[in-house]
Amino acid sequence: MPFSRLAAATTPTAHIGFGLAAVGRPGYITLGRDADLPPSRSVEALRERTLELLDAAYALGVRYIDVARSYGRSEEFLADWLNARPDIHDVVIGSKWGYTYTAAWNADAAGPHEVKDHSLAAYVRQREESAHLLGERLDLYQIHSVTPESPALTDKELQAKLAELASTGVTVGLSVSGPQQASAIRAALEVTVDGEPLFRTVQATYNALETSAGPALAEAHDAGLTVLVKEAMANGRLAGPQAPAALRETAEATGLGCDAVALALVLRQPWAGVVLSGAATSVQLVSNLHAAAVDLDAGQLERLASLVEEPVAYWERRGQLPWH
C-alpha cells in the first residue's frame, strides 16, 4: 500500500495532504477564491502558482498530493513538478476519474464545468489520459464522487477492470459526495472481485458542518481502508470572515486561524488517514498546516459540535455556491 510511506513519515504535517482542485483550473466554488489567485487566470499563471504551492507543501512536510481528471490541468501541473524533481520519491500521488472537465479553461463557462460518467468507457479513456501524464508515479486511482446510484457499485465488467489495475500495484479507491455519502461508503465496502475487497481507500466530505459520513468512515477504517477527507473547510465556509462565530471564537482562543481549527477538528478523528488542504496561496497553506499544533479542549469541541447542519441542507447550499 502506498500509504505505508505516510505511516513511516515523521513530519507532523505528513497526514495533511494538498489538493489541486482550486488551482488546476480557472474557476472553482471556494468562497473568496476570486481574490486568492493571480489576476491572470492563464494556464501559465496557474501552472506557476501550482508549482510554487507544491514546493512549499513538500518543504513543509506534506506528502500526499490529490488531483483529478476534472481539475482542469492539475495532473499536467503535478507531472511538471514531479518531472523537474526526480529525486523526490516519498510523496503519494492520488488522482480520480469519472468526471470530464468541460469548461475549456473558461471560468465563466455557461454550462457545467465538469460532466460525470462512471462507465467502463469513461474509465478506459481517462485511465489512459492519467497514465500519459503521471505514468508510474500514480499510486491511487479513485472513482470520482460516487453516490448510491452510481453504476460503478454494480458494473461487474468495470469492477473487473479496476481489479486488473489493482493487480499492477495501483491502489483502487473511491470518493463519495452528496447527502447519502454514508450509504455509498457502506455499499462500496460490499464490493468484491474474486472474493477480495475492491476498494482500499475512501475519500469523503467531513467537516464541522457536515459530519454525517463519520460512522461509515469509521467502519471503512475498521475494514482496513485508508480514509481521506476532502472539503474540511466546507469550500471556504469555515475560513476567514465566512466562518461562524463559534469557530472564530475558538480560533481566537488558540491564537491560530479558523482554517487551522477546522482542519484540526477533522485530524483528531481516529479514522482520518489524510486530511486535505485546498489552499490557493502559500500564506493559506502555512496557516492550514498549523492544524497539526491545535489542541482543542472539551468545551471548545462542544461549541463546535453545535455547528452541524442537516446533510440535505448542507449539500443544497454547496450546490448553490458560485464558480469564481
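A nonpolar core is a set of buried Ala, Val, Leu, Ile, Met, Phe, Trp, Tyr and Cys residues joined through side-chain atoms within 4.5 Å, where buried means under 20% relative accessible area with a 1.4 Å probe, protein chains only. This is a predicted model, in which local features need pLDDT of at least 70, side-chain atom pairs count only at pLDDT 80 or more, and totals for chains, interfaces and linings use all residues. Residues are numbered from 1 along each chain as its sequence is written, and side-chain values use heavy atoms, leaving out hydrogens and water.

**View 1. The largest nonpolar core has 94 residues.** Phe18, Leu78, Ile185, Leu217 and Leu247 have the most contacts inside this core. Helix H10 (residues 258-267) gives the most to it, with eight residues; helices (H or I, at least four residues) and strands (E, at least two) are DSSP runs, numbered from the N terminus.

**View 2. Here we meet Leu78 and its contacts.** Leaving aside residues up to four places away in sequence, Leu78 touches Leu20, Leu54, Ile65, Val67, Ile93 and Leu134 (contact means heavy atoms within 4.5 Å). A second, separate core of eight residues includes Tyr64, Val92, Leu140 and Leu276.

**View 3. Eight strands close into a barrel.** Follow them in the order S1-S2-S3-S6-S7-S10-S11-S12, with parallel pairing (two strands pair if DSSP finds at least two bridges between them).

**View 4. Strands S1 and S2 pair in the parallel sense.** Two bridges join S1 (residues 16-19) to S2 (residues 64-66). Look for Gly19, which stands opposite Asp66 in S2.

Terms used:
Buried < 20%, exposed > 50% of the residue type's maximum accessible area, 1.4 Å probe, protein only.
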